[in-house]
Amino acid sequence: MKKTEIVERVEELVTPIINENDFELVDVEYVKEGANWYLRVFADKEGGITIDDCVFISRALEEKLDAEDFISEAYILEVSSPGLGRQLKKEKDFQRSLGDKVECKLFKAVDGQKEFEGILKAYTGETVTLELEAEKKEIVIDRSEIAVIRQAIDF
C-alpha cells in the first residue's frame with residue numbers, strides 16, 4: 001500500500017472519531033524518519049486540544065487500525081495538536097489565516113529571496129497573496145513554488 005493510500009485510509013478511519021467529538025482533523029501524515037515510520041494525526045478543537053483529547057483519539061484510532069491491520073511496516077502512532085506554527089495545507093487553513101501573519105518558504109528563490117513573511121491577503125487554488133509589511137507591497141506566489149507556508153510566531 002502506498003503512503004498516500006495509507007493516509008487516505010487513516011483519514012477515513014479517524015474522521016468519525018473526530019466528528020463525533022467536535023474535534024477538527026488538521027492533517028494526517030505517514031513518514032519515515034531515521035529507521036522508524038510515524039503515523040501522525042494532528043487534531044484541534046475550539047479553545048485548543050488537550051492531552052486527554054489526544055489520548056482519546058489515539059486509543060479509538062488504534063482499535064480501528066489494529067482491526068483492519070492494513071499497514072505492513074511497524075510504525076509509531078502519534079496524535080497531537082498542530083502546534084503554534086501550524087502549516088497551511090487545506091482550504092480551511094488558508095481561510096482561517098486570512099489577515100494573519102504567515103511565513104512562506106519557497107523551493108527556489110524569487111527575486112533572490114526564498115523566504116517571505118507577511119499578511120495573508122488572499123489565496124486561490126493556484127496562488128497566495130502576501131502583503132509584505134516592511135516593503136509596503138503585495139506579492140503573488142504560485143502555490144506550486146511554496147515548500148512550506150505556516151502561521152508566523154511572534155515572541
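Start at L39. Skipping its neighbours within four places in sequence, L39 touches V10, V28, E29, Y30, L65, I71, Y75, I76, L77 and E78. Bear in mind that this is a predicted model.

What does L39 belong to? L39 is among the residues with the most contacts inside the largest nonpolar core, which has 24 residues. V10, V14, V41, I57, L61 and L65 are the others picked out that way.

| Element | Residue range |
|---|---|
| α1 | 3-20 |
| β1 | 24-33 |
| β2 | 36-44 |
| α2 | 51-68 |
| β3 | 75-80 |

Of these, α1 is the top contributor, with seven residues in the core. There's also another core lying apart from this one: it has 15 residues, including F94, Y123, L130 and L132.

Now for the two helices. How do α1 and α2 sit relative to each other? Their axes come within 10 Å and cross at roughly 135°. The crossing of α1 past α2 is right-handed.

On the α1 side, the residues that meet α2 are R9, V10, L13, V14, P16, I17 and I18. Facing them from α2 are F56, I57, A60, L61, K64, L65 and E68. Sorted by class, this contact has 11 nonpolar and three charged residues, with no polar ones.

How values were computed: Residues are numbered from 1 along each chain as its sequence is written. This is a predicted model: local features need pLDDT of at least 70, side-chain atom pairs count only at pLDDT 80 or more; totals for chains, interfaces and linings use all residues. Side-chain values use heavy atoms; hydrogens and water are left out. A nonpolar core is a set of buried Ala, Val, Leu, Ile, Met, Phe, Trp, Tyr and Cys residues joined through side-chain atoms within 4.5 Å. Buried means under 20% relative accessible area, exposed over 50%, partly exposed in between (1.4 Å probe, protein chains only). Helices (H or I, at least four residues) and strands (E, at least two) are DSSP runs, numbered from the N terminus. Contact means heavy atoms within 4.5 Å. Axes are lines fitted to C-alpha atoms, for helices over the stretch in contact, and angles run from 0 to 180 degrees between N-to-C directions. A crossing is left-handed if the near helix is turned anticlockwise from the far one by less than a right angle, and right-handed if clockwise. Ala, Val, Leu, Ile, Met, Phe, Trp, Tyr, Cys and Pro count as nonpolar, Asp, Glu, Lys and Arg as charged, and the others, Gly among them, as polar.
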